Amino acid sequence: MPRDYTLAELHRWCGIPADQLEGRADLKVPFRMAADSAEMGEVMARELIDEVAAHNARGEPTRAIVPCGPMAWYGPFRRIVNAERVSLADLHVYHMDECLDWQGRLLPPGHPYNFRGTMEKVFYGGIDADLAVPESRRHWPTPESIEAISAEIDSVRIDITLGGWGQDGHVAYNQARREPYSQLGAGELAASRGRVQYNNADTVIALAHRTFGAAYQFVPPMSVTLGLAECLSARKVRLFSDTGAWKQTALRVALFGPVTPEYPMTLLQRHADAMLTATRETASHPIGEHPEWDLLADPAEGP
């Protein structure tokens, strides 16, 4: 995939100290930094709870696109909802994505990448019954349901999309397209719709390293995902990360680089109300911590 920036530009973006990121005039997406996962989890939980509470006060439904992860927000979400008696009865949840096996089938309930099984435990589980999201308002993507979910999202107003981002800046499973015979421009990626797909090799390796001690053989190779057209249709988009090294470069490109299909999250630069939040670890970058590294040996890529 050809780059839309030079290595010198990437080197410069990655070299900015984390403490100098917030509030910069050259940010292309607003950014806030959390000290750690605990602080970030509280902020992420509050984003959805405050949205729901505001809609409840006006007698309106809330419609949210919600990810399976980051994990740090689920404990604060359950605690605050129950303590403040925030009713989720009129919250419509559109789940972002789901992992599939090599034949495009749903994974068994006990698999760590079965997102529905995880969300039933950590997101819905533990909410007092009188406050809970009704089953009929929980929209789970499957190979059979994804077109109907996409059509429903088209017909309503989505109030907020919450999410994380991947090693290549993917939102939901909208990855940078590696297929050499059908490359996408940024406009085509922005218009992408809910679909079933194979996951990129770099996504498989990243998840293998994160979860399975690099045993890539256990990583689900396929997924069903909402497209960026659905995810970015929300009035607000709030993405979060507390997973450190494998998210650091995508963050820097999103904050400073061009809109590029190499990093799908750069499309947030075109959204009217988007914000990125990262822990200090994720906001840091090893290039910024090692100014002695000689990474621009090619004169064509020099400063």
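A: **The nonpolar core**

The largest nonpolar core has 48 residues, and those with the most contacts inside it are F31, W165, L251, L255, L268 and L276. Here a nonpolar core is a set of buried Ala, Val, Leu, Ile, Met, Phe, Trp, Tyr and Cys residues joined through side-chain atoms within 4.5 Å, and buried means under 20% relative accessible area, with exposed being over 50% and partly exposed in between, for a 1.4 Å probe and protein chains only. The largest share of this core, six residues, is supplied by α9; helices are DSSP runs of H or I with at least four residues, numbered from the N terminus.

The model is predicted, so local features need pLDDT of at least 70 and side-chain atom pairs count only at pLDDT 80 or more, while totals for chains, interfaces and linings use all residues. Residues are numbered from 1 along each chain as its sequence is written, and side-chain values use heavy atoms, leaving out hydrogens and water.

If neighbours within four places in sequence are set aside, W165 is in contact (heavy atoms within 4.5 Å) with a list of residues that includes H170, L239, F240, A250, L251, M265 and L276. A second, separate core has 29 residues, among them A45, L48, A64 and L91.

Helix α1, which spans residues 7-14, has A8, L10, W13 and C14 buried, and the buried residues of α1 pack against α9 (248-256) and α11 (286-289).

Technical notes: Helices (H or I, at least four residues) and strands (E, at least two) are DSSP runs, numbered from the N terminus.
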